[in-house]
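Please open the model in your viewer and keep the selection tool at hand.

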Amino acid sequence: MIGRAIAAGQASFVEQSFNRVYRHLACEAGTWNLRGMNAEFRTAELLASQRVRAEGRLTIVQAEGRTRLAELYQEGAAKIRLPRHDGDGIEAVLINTAGGLTGGDRLAWRIGVGENAALTLSTQACEKIYRSAGGAAQVSTAVSVGSGGWLAWLPQETILFNRAALDRTLDIELGHGAEALLVEPVLIGRTAHGETVTRAHLADRWRVRQGGRLVHAEALRLGPDVSRRLAAGAGTNGARALATVMLAGPRGEGLLKEARTIVGDEGGASFWRVAETGKLLARIVSEDGYALRRRLVPLISLLSGQAALPKSWSL
């Protein structure tokens with residue numbers, strides 16, 4: 001409050017009191033920098049006023065033999081578009097109109113897929129995470145899929161720039177007989193642009209449940225010394241593009257051999273069951289975004305039942 005009063009020049013009594021207190025402290029410390037302190041207050045307030053606070057909600061249901069829109073809510077920079085889509089289900093495109101994220105930004109997506117409904121979610125473009133002036137950007141996604149439903153979570157690449165910081169969570173709740181294809185690609189800088197990322201922070205947490213039972217949990221934590229960690233043999237051997245792909249459902253077992261062929265020597269794929277839930281999990285590590293997509297696109301096509309990728313992936 002004192003910082004705001006001084007910056008606005010509205011409370012002379014408060015300012016005088018503050019000056020007396022600060023003058024005493026400054027003399028004790030042998031320094032004098034009231035202007036610098038005021039500038040810090042103003043900078044902190046300005047940054048806080050410019051932070052993104054956004055939420056998007058989407059619910060679809062199956063009615064009269066078709067998948068239909070039940071709810072659409074948009075707040076702040078979170079926008080959702082529903083392009084025309086051939087075939088069953090609905091395709092939705094998630095958009096962050098802020099043009100990227102930085103420290104202190106908050107973005108939330110809340111998605112509902114009704115029983116026997118089908119939804120494909122993608123993003124309009126790669127999400128860019130810029131250098132943070134303080135704190136981490138936070139992105140949370142929560143999706144519930146009713147019995148017999150289908151979800152394809154296919155965001156385009158997240159790009160981390162030098163000194164970026166991102167905390168991200170993905171929570172999926174599947175009903176009985178529901179299936180989900182989940183994809184998260186990440187680029188640590190863009191090789192073609194000559195970008196170098198030496199320090200950054202990424203915390204990525206997944207939780208997938210079916211029928212209330214936890215069937216998949218993982219937590220990726222990268223940073224702050226990104227270059228050293230990626231260069232290590234236990235890291236990525238210097239590769240700057242990585243992706244996690246998971247198919248939750250019974251079809252994965254029959255697709256494992258072909259999935260391993262697609263991934264090749266740039267990763268691996270496995271299949272196992274947790275209770276009645278089957279899951280195919282693949283990891284891909286490539287030297288750059290182009291090489292990553294050469295593996296990722298055919299893998300997504302295979303696991304989605306040869307369905308075409310969202311149009312936004314090819315723009």
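This is a predicted model: local features need pLDDT of at least 70, side-chain atom pairs count only at pLDDT 80 or more; totals for chains, interfaces and linings use all residues.

**Stop 1: aromatic rings**

Begin by selecting Tyr130 and Phe161, which make up the one aromatic pair in the structure. Their ring centres are 5.2 Å apart and their planes meet at 10°, so the pair counts as stacked, the cut-off being planes under 30 degrees apart. If you colour the chain by element, you will find Tyr130 in the loop between strand S7 (127–129) and strand S8 (137–145), while Phe161 belongs to the loop between strand S10 (158–160) and strand S11 (165–174), so that the pair links distant parts of the chain, 31 residues apart. Show the surface next: Tyr130 is partly exposed, with a relative accessibility of 36%, whereas Phe161, at 14%, is buried.

Another ring to look at is that of Tyr73, where the charged end of Arg57 sits over the ring, 4.0 Å from its centre.

**Stop 2: strand S12 and its partners**

Now select strand S12, residues 179–188. Ten of its ten residues are buried, so S12 is largely enclosed by the rest of the structure. In a regular strand, side chains alternate between the two faces of the sheet. Turning S12 in the viewer, you can follow Glu179, Leu181, Val183, Pro185 and Leu187 pointing one way, and Ala180, Leu182, Glu184, Val186 and Ile188 pointing the other way.

S9 runs parallel to S12 and is joined to it by four bridges, and here Trp153 has Leu182 as its bridge partner. S10 is also parallel to S12, with three bridges between them, and Ile159 is partnered by Leu187. S15, by contrast, runs antiparallel to S12 over eight bridges, with Ala180 standing opposite Ala248.

**Stop 3**

Ten bridges pair S13 with S11 in the parallel sense, and Leu166 has Leu202 as its bridge partner. Strand S14 (residues 213–222) is antiparallel to S13 and is joined to it by nine bridges, with Arg209 opposite Leu214. S13 and S14 form a hairpin with two residues between them, and in the turn you can pick out Gly211, which has a positive phi of about 60°.

**Stop 4: the pockets**

Which residues lie nearest the centre of the largest pocket? Select His85, Asp86, Gly87, Asp88 and Gly89 to find them, among 26 lining residues. This pocket has a volume of about 490 Å³, and strands S2 (66–75), S4 (90–96), S6 (118–123) and S9 (150–154) are the elements that each give two or more residues to its lining. By class, the lining comprises eleven nonpolar, nine polar and six charged residues.

For the second largest pocket, which holds about 400 Å³ of space, select Leu220, Leu222, Gly235, Thr236 and Leu242, the residues nearest its centre. Its lining has 22 residues, divided into twelve nonpolar, three polar and seven charged.

Note on methods. Residues are numbered from 1 along each chain as its sequence is written. Side-chain values use heavy atoms; hydrogens and water are left out. Rings of Phe, Tyr and Trp (its six-membered ring) pair if their centres lie within 6.5 Å; planes under 30 degrees apart count as stacked, over 60 as edge-to-face and the rest as tilted. Buried means under 20% relative accessible area, exposed over 50%, partly exposed in between (1.4 Å probe, protein chains only). A charge sits over a ring if NZ of Lys or CZ of Arg is within 6 Å of the ring centre and within 35 degrees of the ring normal. Two strands pair if DSSP finds at least two bridges between them. On a 1 Å grid over the protein atoms alone, a cavity is a set of points where a 1.4 Å probe fits but cannot get out, and a pocket is an open set with protein on both sides within 12 Å along at least five of seven lines; lining residues have an atom within 4 Å of a point. Grid points are joined across faces, edges and corners, and a volume is the space filled by probe spheres set on the points. Ala, Val, Leu, Ile, Met, Phe, Trp, Tyr, Cys and Pro count as nonpolar, Asp, Glu, Lys and Arg as charged, and the others, Gly among them, as polar.
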